[in-house]
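Here are a few notes to read alongside the model. Please keep the structure open as you go.

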Amino acid sequence: MSTQTEQEQIEELKNFWTEYGKPIFIGILLAITVVAVWKFWENRQLTNKMKEAQNYQMLVIAMSQPIEQVKEADVASIADQLQQVNPNSYYAQYAKFYLAKVAAHQGKLEDAAKSLQVVLDKPADKVLEELARQRLAQVLAAQDKIDEALKLLDAPVAKAFTASRQELKGDLLLKQGNTEQARTAYQEALTAAETAKSANVVIIKLKLNDLAKEGA
């Protein structure tokens with residue numbers, strides 16, 4: 001049975017707060033700060049996601065129009081806004097691809113190359129990296145920069161993209177007048193396409209047949 005008086009209990013409580021009051025106060029303050037920061041981060045993430053969704057919706061609307069009616073400046077504005085929210089997101093990189101397509105359609109190959117280079121520098125994944133690489137090579141070739149385009153295609157390639165990469169190399173080498181090297185590239189493309197059971201097998205065989213006729 002406790003023999004403490006009320007005064008003794010008050011003194012014990014005072015001593016407890018004197019000894020532990022400050023650490024407890026700091027702990028509570030830290031907990032409140034962590035929760036506040038977390039809530040701020042959550043709200044910011046939600047706001048960014050909403051902005052991304054709105055801008056991507058605007059991009060989809062632009063893409064649904066005939067490309068002749070699309071204004072490059074409008075697409076560039078959407079792409080810039082997506083870049084500001086998250087430059088490495090799929091939304092931002094899809095916008096860059098479409099911006100490159102619009103620019104190329106309007107004959108602005110330098111602008112198209114810049115958009116594709118942005119994706120290639122920091123791709124969201126390996127698929128977008130390869131897509132950006134091959135499209136940039138095509139744009140460079142259209143600018144008569146075939147050596148630069150071929151150098152771009154010399155980078156290591158995943159097995160899944162070997163057929164399309166080698167087929168494109170064949171196209172560029174043929175354009176450059178290097179028939180034998182083009183034939184070799186097409187052969188490698190055909191082997192890879194047959195292994196992957198790709199639909200491109202027929203097209204690659206046609207290109208090889210055309211080369212055979214030219215050499216006959």
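1. Contact here means heavy atoms within 4.5 Å. By that rule, and leaving out residues up to four places away in sequence, Ile-204 touches Glu-167, Tyr-186, Ala-189, Leu-190 and Ala-193.

2. A word on the basis: this is a predicted model, where local features need pLDDT of at least 70, side-chain atom pairs count only at pLDDT 80 or more, and totals for chains, interfaces and linings use all residues. Residues are numbered from 1 along each chain as its sequence is written, and side-chain values use heavy atoms, with hydrogens and water left out.

3. The protein has 9 helices and 0 strands (DSSP runs, numbered from the N terminus: H or I of at least four residues for helices, E of at least two for strands).

4. Now the overall dimensions. The radius of gyration is 30 Å, whereas a compact globule of 216 residues would be near 17 Å (taken over C-alpha atoms; the rule is 2.2 Å times the number of residues to the power 0.38). Along the principal axes, the C-alpha atoms fill a box of roughly 115 × 40 × 30 Å.

5. Of the 216 residues, 31% are buried (under 20% relative accessible area, with a 1.4 Å probe and protein chains only).

6. Ile-204 returns in the largest nonpolar core, which has 35 residues; Ile-204, Leu-136 and Leu-172 have the most contacts inside it (a core is a set of buried Ala, Val, Leu, Ile, Met, Phe, Trp, Tyr and Cys residues joined through side-chain atoms within 4.5 Å). A second, separate core of 12 residues includes Val-75, Ala-95, Leu-99 and Val-102.

Note on methods:
Buried < 20%, exposed > 50% of the residue type's maximum accessible area, 1.4 Å probe, protein only.
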